[in-house]
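This briefing is intended for a reader who has the sequence and the coordinates at hand. It begins with the contact between the chains and then turns to each chain.

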Amino acid sequence: MTKVNSLSELKARRESLQSRNKIRETRDHNQSVVQVKVAMATCGIASGARDVMNFFSDELEKRRIEALVTQTGCMGYCYAEPTIEVHVPGDEPVVFGYVDIQKADEIIERYIRRQEQVDGIIPVGYRTIDNEED
Amino acid sequence: MQLRVALRNCGFIDPESIDDAIARDAYAALAKVLVELKPAEAIEILKESGLRGRGGGGFPTGLKWEIASKNEADQKYVVCNADEGDPGAFMDRSILEGDPHTVLEAMAINGYCIGASKGLIYIRAEYPLAIERLKIAIRQAREYGLLGKDIFGSGFDFDIELRYGAGAFVCGEETALIHSMEGERGEPTFKPPFPAESGFLGKPTNVNNVESYANIPVIYLKGADWFHSIGTGKSKGTKVFALAGKINNVGLIEVPMGTTLREVIFEIGGGIIDGKKFKAVQTGGPSGGCLTEKHLDIPIDYDNLIESGSMMGSGGMIVMDEDDCMVSMAKFYLDFTVEESCGKCSPCRIGNKRLYEMLDTITKGKGSLEDLDRLRNLCEVVKDTSLCGLGQTSPNPILSTMDNFHEEYIAHLSDKRCPSGQCKDLMNYVIDPENCVGCTACGRVCPVGAITGEKKEIHSIDTAICIKCGACEEKCKFNAISVK
């Protein structure tokens with residue numbers, strides 16, 4: 001792995017990583033990729049997030065939906081673990097709570113595949129350092 | 001409304017991918033500080049930001065760094081305190097599990113500012129996932145040259161190692177933490193000398209909490225003025241709280257300083273479970289106090305919480321409803337303190353044990369009104385004479401419940417009654433002859449055979465045998481059994 005030797009190298013790497021992330025979202029020209037992030041902190045794992053993550057990885061592949069399933073840290077919704085964030089290209093990312101295998105199946109079939117409304121979305125209740133004015 | 005600063009990357013990045021972190025500005029602050037600023041200038045920015053220690057004490061972080069930077073030594077150390085020990089608190093664990101690189105980056109900035117080349121993270125072995133992710137993060141940062149020799153070509157060397165704690169509460173106190181890292185007993189020593197003069201292995205050492213570190217990279221990227229503009233008079237920025245207890249949305253939240261308890265509990269937290277009545281919230285864990293309905297509209301910051309008889313603490317918030325007994329709550333915390341006292345100084349070792357026994361007597365209905373004065377006196381003595389922060393604050397839950405819920409103590413003492421029906425020794429299950437139909441269901445479910453009565457006749461409970469398990473009340477279909 002190449003070392004980062006200067007500020008300009010860090011900046012260059014950050015930019016290439018950011019554009020890589022953009023490419024991930026729009027892999028194969030307009031054929032975009034669904035992203036699923038599973039909250040895998042101690043609390044989430046204890047509530048079964050690992051099974052849910054495995055289910056998404058296996059099933060999305062089996063059902064031939066091109067997607068990127070990654071783990072992330074705690075989203076803060078302990079009461080609703082396991083929680084996941086789904087980003088369907090062209091839509092805002094949404095967070096689902098209380099995701100068990102059955103719910104995961106519903107999210108894949110109805111929300112990801114057919115873009116239907118699915119219950120269990122947790123509304124975003126915070127501002128970030130990038131969009132404080134909201 | 002929440003504002004995520006310390007938690008800015010938690011839940012967004014893959015914590016095991018340094019590339020994810022770099023794409024969201026990780027190590028950009030370190031690069032900026034190393035390339036553009038002298039240590040003294042960087043410390044000045046931190047001072048201007050107004051950041052105060054998030055572990056509970058609230059000491060200005062910039063000032064702490066300045067003191068450590070001015071002590072000359074051949075070797076200095078930077079220590080991250082990840083010995084989160086308050087019951088019901090999990091802020092630091094979530095940050096370490098969700099965004100480990102921010103802590104590494106801030107520790108490196110700290111090292112540059114005070115002239116330390118070595119960092120240590122003191123983390124409890126009870127956090128295996130956080131340890132695993134930190135190890136991965138450290139390895140990745142070394143591979144990228146973001147830890148190690150000559151970082152960003154600046155000539156500055158810095159590396160980080162982990163040190164494991166066995167989960168002792170007292171090791172969150174910085175001198176006890178340092179002794180534990182040295183392989184000594186985890187016991188505090190008198191301050192001064194402060195760790196900034198003589199800490200790990202006798203060298204100048206700067207100890208900061210995980211959440212304090214998580215704020216630091218953003219301060220350098222967005223500027224001291226930006227950070228200073230968030231919050232109240234002497235409390236700047238945001239605070240992460242772990243909401244727990246009788247609240248609908250148990251979870252991790254981050255709000256600007258100055259947000260009210262009402263917003264935290266009723267808006268963000270979604271109110272009390274089952275629509276019950278809010279009674280109190282314990283902030284600051286075993287060192288803090290309870291805040292009640294009259295405190296709901298006070299803006300939360302370091303100074304207001306102390307004025308209200310509690311403290312910020314590390315950020316645990318345990319919400320209680322009308323069914324919770326405040327004497328039992330104080331007893332719970334004293335039980336914890338007795339367990340966690342290291343035993344080095346007598347006021348804490350013996351005093352807390354006696355305080356616990358007095359509370360136990362009260363909850364068993366064997367106390368007298370004179371106990372109140374004795375309790376308060378002993379609380380003051382333990383506070384004034386204990387060696388470290390653990391004993392100096394451990395009576396706080398008793399004092400604050402005595403101040404805010406005096407009538408509950410009186411009820412336990414003079415009426416031998418627990419108003420919330422929590423103290424088992426002070427309650428009796430009784431059968432209402434009006435409603436009892438003599439179905440015998442209660443008698444069959446009673447595990448100790450305390451209920452007698454013939455079929456179709458009114459039953460009765462022998463209170464001398466009854467263990468107050470409540471099984472009969474649950475079983476009765478006719479609402480004939482209740483607590484008196």
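In this predicted model, 31 residues of chain A are in contact with 41 residues of chain B. On the side of chain A that touches chain B, helix 1 (7–25), strand 2 (67–72) and strand 6 (126–128) of chain A each supply at least two residues. The predictor assigns the complex an ipTM of 0.89 and a pTM of 0.91.

**Interface between the chains**

- Helix 1 of chain A provides the largest share of the side of chain A that touches chain B, namely seven residues.
- By residue class, the side of chain A that touches chain B consists of 14 nonpolar, twelve polar and five charged residues.
- Strand pairing also crosses between the chains: strand 6 of chain A runs parallel to strand 1 (residues 2–4) of chain B, and three bridges join the two.
- Within this pairing, A:Arg127 has B:Leu3 in strand 1 of chain B as its bridge partner.

**Confidence of the prediction**

- Chain A has a mean pLDDT of 87, with 89% of its residues at 70 or more.
- In residues 27–31 of chain A the pLDDT falls below 50, and this stretch has one contact in the model beyond near neighbours in sequence.
- For chain B the mean pLDDT is 94, and 100% of its residues reach 70 or more.

**Chain A: composition and sheet**

- Chain A contains four helices and six strands, which follow one another from the N terminus as α-β-α-α-β-β-β-α-β-β.
- Of the 134 residues of chain A, 31% count as buried.
- Among the contacts in chain A between residues at least 6 apart in sequence, 61% join residues at least 24 apart.
- An open sheet of five strands in chain A has the order 2-1-3-4-5 and mixed pairing.
- Strand 2 and strand 5 (121–122) of chain A are the edge strands of this sheet, each pairing on one side only.
- Strand 1 (residues 34–39) of chain A runs parallel to strand 2 of chain A, and six bridges join them.
- A:Val34 is placed opposite A:Ala67 of strand 2 of chain A.

**Chain B: domains**

- The domain assignment divides chain B into domain 1 (18–228), domain 2 (238–321), domain 3 (340–413) and domain 4 (428–483).
- Between the C-alpha centres of domain 3 and domain 4 of chain B the distance is 37 Å.

**Chain B: the sheet ordered 4-5-3-2-6**

- Five strands of chain B form an open sheet in the order 4-5-3-2-6, with mixed pairing.
- Its edge strands, each pairing on one side only, are strand 4 (148–151) and strand 6 (205–209) of chain B.
- On average, neighbouring strands of this sheet are turned by 25° against each other, direction ignored.
- Helix 9 (residues 210–222) of chain B packs on the sheet and touches strand 2 (77–82) and strand 6 of chain B. The direction of helix 9 makes about 90° with that of strand 6 of chain B.
- Strand 3 of chain B is mostly covered, with six of its seven residues buried.
- Strand 3 (residues 118–124) and strand 5 (residues 156–165) of chain B run parallel and are joined by seven bridges.
- Across this pairing, B:Tyr122 stands opposite B:Arg163, and B:Ile123 stands opposite B:Tyr164.
- Strand 3 of chain B also pairs with strand 2 of chain B, in the parallel sense and over six bridges; here B:Cys80 has B:Ile121 as its bridge partner.

**Chain B: strand 11 and its partners**

- Strand 11 (residues 316–321) of chain B is mostly covered, five of its six residues being buried.
- Strand 7 (residues 238–245) of chain B pairs with strand 11 of chain B in the parallel sense over four bridges.
- Strand 9 (residues 278–283) of chain B pairs with strand 11 of chain B in the antiparallel sense over five bridges.
- B:Val319 of strand 11 takes part in both pairings: B:Gly245 has B:Val319 as its bridge partner, and B:Val281 stands opposite B:Val319.

Terms used:
Residues numbered from 1 in each chain as written. Chains lettered and ligands numbered in written order. Predicted model: local features only at pLDDT ≥ 70, side-chain atom pairs only at ≥ 80, totals over all residues. Buried ≥ 20, exposed ≤ 12 C-beta atoms within 10 Å, placed from the backbone. Pairing = 2+ DSSP bridges. pLDDT = per-residue confidence, 0-100. Contact = placed C-beta atoms within 7 Å. Axes fitted to C-alpha atoms, helices over the stretch in contact; angles between N-to-C directions. Domains from an automatic or database assignment. Nonpolar A, V, L, I, M, F, W, Y, C, P; charged D, E, K, R; others polar.
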